[in-house]
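Hello,

Here is the structure I promised to pass on. Please open it first, then read my notes beside it.

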Amino acid sequence: MSEAALLRWKSQIFDYQQRVRETKPVQQVTLFDLAPKHCDPDRIDPLFLRLVPMSFYRMPADSPGDACLYFVVDSAAGLLLYVGETCKSNQRWKGIHGCKDYIASYQDLHYRYGLQTAVNAAFWWDAPTDRRARQELELSLILKWRSPFNKENWQLWGQPFG
């Protein structure tokens, strides 16, 4: 991928994700007072979560961790790259994870062209403990943000780092 193609690719994703952030979700009116959904994807903005270094999974842990949604963010570009879910936050990234290769290729390409990148992770800890509910929330966020490293969006953005 050329430098111009990389910058164009990132710009298209940034423009889309900025529109998502700026567009207020449609509020459905009901005849009855309903309790708000606990895990409303419209209330989760991965770019506002506290960032941790991608090396977080190398830190010692005394438990397998908790259920959560996790996000891979290039904070230098303001891009959400990947959305994932797990029931064991301290173990999910310790083994093989396809996104690690994507991140390495993404960072290598930036290094080759002298472009700044800051790939970090962020966690949303209020995720459902029920696996199916957590995966439904994950999918809704993948489709909402169109995160390019998730396979559900490869047809849209291509697979330049695979």
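Start with two helices. Helices α1 and α3 are roughly perpendicular to each other, because angles from 65 to 115 degrees get that name, while those under 35 count as roughly parallel, those over 145 as roughly antiparallel and the rest as oblique. The angle here is about 115°, and the axes lie 9 Å apart. Axes are lines fitted to C-alpha atoms, for helices over the stretch in contact, and angles run from 0 to 180 degrees between N-to-C directions. Helix α3 covers residues 131-145. From α1, the residues Y16, Q17, V20 and R21 meet L143, K144 and W145 of α3. Contact means heavy atoms within 4.5 Å. By class, this contact has 4 nonpolar, 1 polar and 2 charged residues. Nonpolar covers Ala, Val, Leu, Ile, Met, Phe, Trp, Tyr, Cys and Pro; charged covers Asp, Glu, Lys and Arg; the others, Gly among them, are polar.

A word on the source. This is a predicted model, where local features need pLDDT of at least 70 and side-chain atom pairs count only at pLDDT 80 or more, while totals for chains, interfaces and linings use all residues. Residues are numbered from 1 along each chain as its sequence is written, and side-chain values use heavy atoms, with hydrogens and water left out.

Now the overall plan. The protein chain has 4 helices and 4 strands. Their order along the sequence is α-β-β-β-α-β-α-α. Helices (H or I, at least four residues) and strands (E, at least two) are DSSP runs, numbered from the N terminus. The chain has 162 residues, and 41% of them count as buried. Buried means under 20% relative accessible area, exposed means over 50%, and partly exposed lies in between (1.4 Å probe, protein chains only). Take the contacts with a separation of 6 or more: 74% of them join residues 24 or more positions apart.

Residues 3-22 form α1, and residues 98-113 form α2. These two pack at about 125°, with axes 10 Å apart. They are therefore oblique to each other. Which residues make the contact? On α1 they are E3, L6, W9 and K10; on α2 they are Y106, L109, H110 and Y113. The classes here are 5 nonpolar, 1 polar and 2 charged.

Next, look at two glutamates. E85 sits in strand β3, residues 79-86. E85 is buried, at 13% relative accessible area. Its side chain joins that of Q135 through a polar contact of 3.4 Å. A polar contact is a pair of N or O atoms within 3.5 Å; within protein, one must be able to donate a hydrogen and the other to accept it, and residues adjacent in sequence count only if both atoms are side-chain atoms. E138 is in helix α3. E138 is also buried, at 15%. Leaving out residues up to four places away in sequence, E138 touches L69, V83, G84 and E85.

Last, find S147. This residue is in the loop between α3 and α4 (154-157). Is S147 buried or exposed? S147 is buried, with 0% relative accessibility. Beyond four places in sequence, S147 touches Q17, L80, L81, Y82, V83, I142 and N153. The side chains of S147 and N150 make a polar contact of 2.5 Å. W157 is 10 residues from S147 in sequence, and their C-alpha atoms are 8.9 Å apart.

Best wishes
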